[in-house]
Structures are given as C-alpha cells and as structure tokens.
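Open the model in your viewer and keep the sequence panel beside it. This tour tells you what to select at each stop.

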Amino acid sequence: MALPAAVFIREMNMRFRVRIAPIVLAWGAAMPAFAASDKLLLTGGVSQLEGAAGGGLTPWAVIAGYGTRDQIGASAFYTQVRSQDYGLGVSGIAVGIRDRLELSYAHQSFDTRDVGGALGLGNGFSFNQEIFGAKLRLLGDAVLEQDSWLPQIAIGLQHKRNDQGAVLHAIGAKKDHGTDFYVAATKLFLDQSLLANLTLRETKANQFGILGFGGDLKDRYTTQFEGSLAYLLRRDLAVGVEYRTKPDNLGIAREDKAYDAFLAWQPVKNVAVTLAYANLGNIVIKDNQRATYLSVQLGF
C-alpha cells in the first residue's frame, strides 16, 4: 500500500528540508547574480525524475529556471515516489543559461524495502544513482512564437552512474554506468491553454538506469518514445498525462512502459508543487507497481 497522504507529505517535508534547504540557503547569498524573472508561470516545466526541466517522467525542450535570453535561471527540487513495494527519492539542481543551455544534476536513491530481503540483498537495500545532464535549445520558442507551428526543439544527454556494480552484473546488466541521448520538441498553444511534448531517447538503461545498462537479452541502444500533454486550467494550475517507453534488456525482469496523470500547481513564481499517480508496471519480481508521486521545486 502507498503511504497515507498525511504521512507521505510529512516525510516529504522532512527530506526536502534536509536535502534541499542547504542548497537554497547557498543560492540565497548569490541571488544578485540572478536577474528578475520574466517568464510565464509553469512555462519552465517542473523537475523531471532525472533532473531535467520538463514533466515528471520526460524532459521537455524548455530550459530550467525562469531566466530569459539575457538572464540566468535555476531550480532545486526534491521528489518522492512510493509504490506498493518500492520507494524512490530524488533530489537535484539545474541551471539555465540565457534560455539556451541547461546543466543539471540529480541523485536518485531506490529503496527495495522488503523486496530486497526476498532477493537476498537485505531489507531496505538501496541502489543510488547520480545523473549529470545537459540540454541545448536549438531553435524555436515555445512561448513567444505563437504565430508559428514550429515547436521549441532541444537536444540533451543524461550521464548516469550507479553505485551497485557488483549486484547489477549479477542480475545480468552489462554496465553500472551509461549515457542517454534525446531530442525533445515542445509546443505551447496559449490560445488553447495546451502544451504538447514529444521526446525521442536513445538509451540502454534498465528502469531508468537503477538496474544498470544493457543486459543478457540486449546490449545496444534503442529508440524510446516519451510524450506529455498538459492543459492549463488557469495560469498557476495545470493537469496532464505522460507516457514513456523503456527498453527490455534483462532476462531476470520484464520491463513495462510507464505513464502518469499529474497536477502541477505554482502558487508563487518561485515554488511549484507536482502531485501525480503513476503506473510503473513490473519492477523486478513485483507486477503492477502503482505509485504516488510528490515533487517540490524552487525556481529562480
């Protein structure tokens, strides 16, 4: 069972203070370097599980933070995902430079809980992964170019390093590190209050890299599809859905597609909260993993 809402939110609050508050305080001293933001609410996306600006599951072509073409923007986030049998905590930061280049870092901690004991690893065994990302906007402007059908287009990469190489090799993964490459196209239709995104990813990652890269079934890059649709109920509130395919490389565990439905709320320009319900499918020996997802982001 997922955590009750009150307990889930209380735990999120505690972990956010511990992991993100020091970063925010450090930024506070450096805030004069960041110009006042001119972007519209929610047009910078929220923080994706791997650290990039976008939706929860997939990166968009937008650049992190609220800096425009003459400014530097930044964001920090903490995300907690809980399914019936697993937990995932993600914290990270991203910097957007002149609305052109995004540099990001995320740390993921995947808690196997009781499943770890069943697999002989020990209850609460964790896989930790660091993700270093970069994204470059090539052309288009999702907000300003409303008279054009051309979307904003960006290319990016996410280099991932897992700390459990011996375990990963034992289950059939070929490597404990790997790099994903992607191209994203994002279009905002302001008159219709609709945002659409399509991302194509070249990857070898098993379960986002948490179970390593490549496997005994397949050890080559494959093209995966990721899509998002979001509807702006009002300027500070959006609802949407996401869908993401993943490679199936490991004989030990079938890997399913992931999808979610989300609600993103931005009560003030510097704070965004995202709540989602996600279906992650099979994860190792557990089928039908349905998860609650809560993310808090500070943006400048």
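Which side chain does the side chain of Thr186 join in a polar contact? Select Thr186 and Asn197: their side chains are joined by a polar contact of 2.6 Å. A polar contact is a pair of N or O atoms within 3.5 Å; within protein, one must be able to donate a hydrogen and the other to accept it, and residues adjacent in sequence count only if both atoms are side-chain atoms.

Before moving on, note that this is a predicted model, where local features need pLDDT of at least 70, side-chain atom pairs count only at pLDDT 80 or more, and totals for chains, interfaces and linings use all residues. Residues are numbered from 1 along each chain as its sequence is written, and side-chain values use heavy atoms, with hydrogens and water left out.

**Stop 1: around Thr186**

Stay on Thr186. Its place is in strand β8 (residues 177-189). Helices (H or I, at least four residues) and strands (E, at least two) are DSSP runs, numbered from the N terminus. Is Thr186 buried or exposed? Thr186 is buried, with a relative accessible area of 0%. Buried means under 20% relative accessible area, exposed over 50%, and partly exposed in between (1.4 Å probe, protein chains only). Now show its contacts, meaning heavy atoms within 4.5 Å. Leaving aside neighbours within four places in sequence, Thr186 is in contact with residues including Trp60, Val62, Pro151 and Leu195.

**Stop 2: the whole protein**

Zoom out. The protein has 4 helices and 14 strands. Of its 300 residues, 52% count as buried. Among contacts between residues at least 6 apart in sequence, 60% join residues at least 24 apart. The accessible surface comes to about 12,800 Å², and 62% of it belongs to carbon and sulfur atoms. These areas come from the Shrake-Rupley method with a 1.4 Å probe; for residues, only the protein chains shown count as cover.

**Stop 3**

Select strand β4 (residues 87-97) and strand β5 (residues 101-111). They run antiparallel, joined by 11 bridges. Two strands pair if DSSP finds at least two bridges between them. Pick Ala94: its bridge partner in β5 is Ser104. Next, go to the hairpin of β4 and β5, with 3 residues between the strands. There Arg98 takes a positive phi near 55°.

β5 and β6 run antiparallel, and 11 bridges join them. Look for Ser109, which stands opposite Asn128 in β6.

**Stop 4: the nonpolar cores**

A nonpolar core is a set of buried Ala, Val, Leu, Ile, Met, Phe, Trp, Tyr and Cys residues joined through side-chain atoms within 4.5 Å. Which members of the largest core touch the most other members? Select Leu49, Leu88, Phe110 and Phe127, out of 43 residues in this core. Elements giving two or more residues to this core include β3 (72-82), α4 (165-170) and β14 (286-299). The largest share, 5 residues, comes from β13. Apart from this core lies another, of 5 residues, among them Ala52, Ala61, Ala154 and Ala184.

**Stop 5: salt bridges**

Side chains of opposite charge can pair when their charged atoms come close. A salt bridge is a side-chain nitrogen of Lys or Arg within 4 Å of a carboxyl oxygen of Asp or Glu. By this rule the count comes to 14.

Select Arg244 and Glu226. Their salt bridge has its closest N and O atoms 3.4 Å apart. Arg244 lies in strand β11 (residues 237-244) and Glu226 in strand β10 (residues 222-234), so the pair ties together parts that are 18 residues apart in sequence. Arg244 is buried at 4% relative accessible area, and Glu226 is buried at 0%.

Move to Asp236 and Arg234, whose side chains meet in a salt bridge (2.6 Å, N to O). Asp236 counts as buried at 15% relative accessibility, whereas Arg234 is partly exposed at 48%.

Then take Glu255 and Lys246, a salt bridge with closest N and O atoms 3.7 Å apart. Finally, select Glu50, Lys160, Asp180, Arg201, Glu226 and Arg244: salt bridges that share partners join them into one network.

**Stop 6: two positive phi values**

Select Arg113, in helix α3 (residues 113-118). Its phi is near 50°, a positive value in a residue other than glycine. End at Gln207, in the loop between β9 (194-203) and β10. Gln207 has a positive phi of about 50° although it is not a glycine, and it counts as buried at 7% relative accessibility.
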